[in-house]
Amino acid sequence: MSYKDTLIKSAERAGNVVCMGLDPQLDVMPYKELGTAERITRFFDTLFSRMAADGIKVAAFKPNIGYYSKLDMPRKKDFPGSVALAGVMDLIDRYFPSTPVILDSKRGDIARSSANYAEEAFRSWNADAVTVSPFMGSDSVLPFAKDGKGMYVLNRTSNPGGADLQNRAMIDPVDEHVVYPLYIAVSHMIVKWHDDAEGIGAVVGATNMVEFEAVAKYFAGKDIPMLIPGVGSQGGSATDVIRVMKSAGYDIRLSRINSSSALTHPWKKGEAPENWLELCMDNIKALVKEASL
């Protein structure tokens, strides 16, 4: 099955295009009496169990590898973060089989190194997709192109500092009178790479609707999957994102609207309150409704 088909089927099965970020922060998580790996897996087991019991499905999950790998102490032969990530991915298989997992690792290096990183994502972790930096060009990006797998190339990211480079003006190499921002040039490259290898998509943030609309219009009809961060804690609106994509003629089933902390620890700071599970569920249900097909 192609990655495009995986996205469409999982969106239709869930009835929405929500991507749930799974980024554990120990300082605000419950179950403090447990060890690190068990604490993280217990948290997500409780949350996933409640979602399944309430009939709530999402269309993708996105663990950011940095939240897990930072917990490992390899020189002490202690790997609680990796054990936790493996446990969380096993829980996804148990509660939400066939739901794609996007490993957010933002890799990208010389060709041989990128090939190693692709092995890490797709063989070691058995992820369905990975995030990739475009900065080093095609021989850095294309090793991640694997049959049935996906990759999301950083295009116009949601963080404030993204504008430092991504909004820099570029002169068209054919017509010097045409000037556009770097993120548009990256959009052009993503389409070119997609022509050579299916499954290549884009990370396009929801924190600037003018920029998002420009990219969505360009990708419409080209089967480019979009991973859309910035909704929730970063201020983006899923309702606005859906509206813009539909207006642009973009197939929303290929999109995944991501929210992380707003779904897994909306209390942000301090100890988890007694009603932490209800707080999480309220936000998950609200996003599912906003991002429904």
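Good morning. I begin with a helix pair: α2 passes α12 in a right-handed crossing, a crossing being right-handed if the near helix is turned clockwise from the far one by less than a right angle, and left-handed if anticlockwise. Helices here are DSSP runs of H or I with at least four residues, strands are runs of E with at least two, and both are numbered from the N terminus.

A word on the source. This is a predicted model, in which local features need pLDDT of at least 70 and side-chain atom pairs count only at pLDDT 80 or more, while totals for chains, interfaces and linings use all residues. Residues are numbered from 1 along each chain as its sequence is written, and side-chain values use heavy atoms, with hydrogens and water left out.

To return to the helices, the axes of α2 and α12 (residues 276-290) lie 11 Å apart and the packing angle is about 55 degrees. That makes α2 oblique to α12. Axes are lines fitted to C-alpha atoms, for helices over the stretch in contact, and angles run from 0 to 180 degrees between N-to-C directions. Angles under 35 degrees count as roughly parallel, over 145 as roughly antiparallel, 65 to 115 as roughly perpendicular, and the rest as oblique.

I turn to salt bridges. The whole structure contains 16 of them, each defined as a side-chain nitrogen of Lys or Arg within 4 Å of a carboxyl oxygen of Asp or Glu. Within α2 (residues 36-53), Arg42 and Glu38 are four residues apart, about one turn of the helix. Their closest N and O atoms are 3.6 Å apart in a salt bridge. Arg42 is partly exposed at 34% relative accessibility, and so is Glu38 at 42%. Partly exposed lies between buried, under 20% relative accessible area, and exposed, over 50% (1.4 Å probe, protein chains only).

In helix α9 (residues 209-219), Lys217 and Glu213 are also four residues apart, and therefore separated by about one helical turn. Their side chains form a salt bridge of 3.5 Å, N to O. Elsewhere, salt bridges with shared partners join Arg50, Asp54, Glu278 and Lys285 into one network. Arg50 is partly exposed at 23%, as is Asp54 at 31%.

Finally, the loop between β4 (129-132) and α6 (138-141) holds Met136. This residue is partly exposed, with a relative accessible area of 40%.
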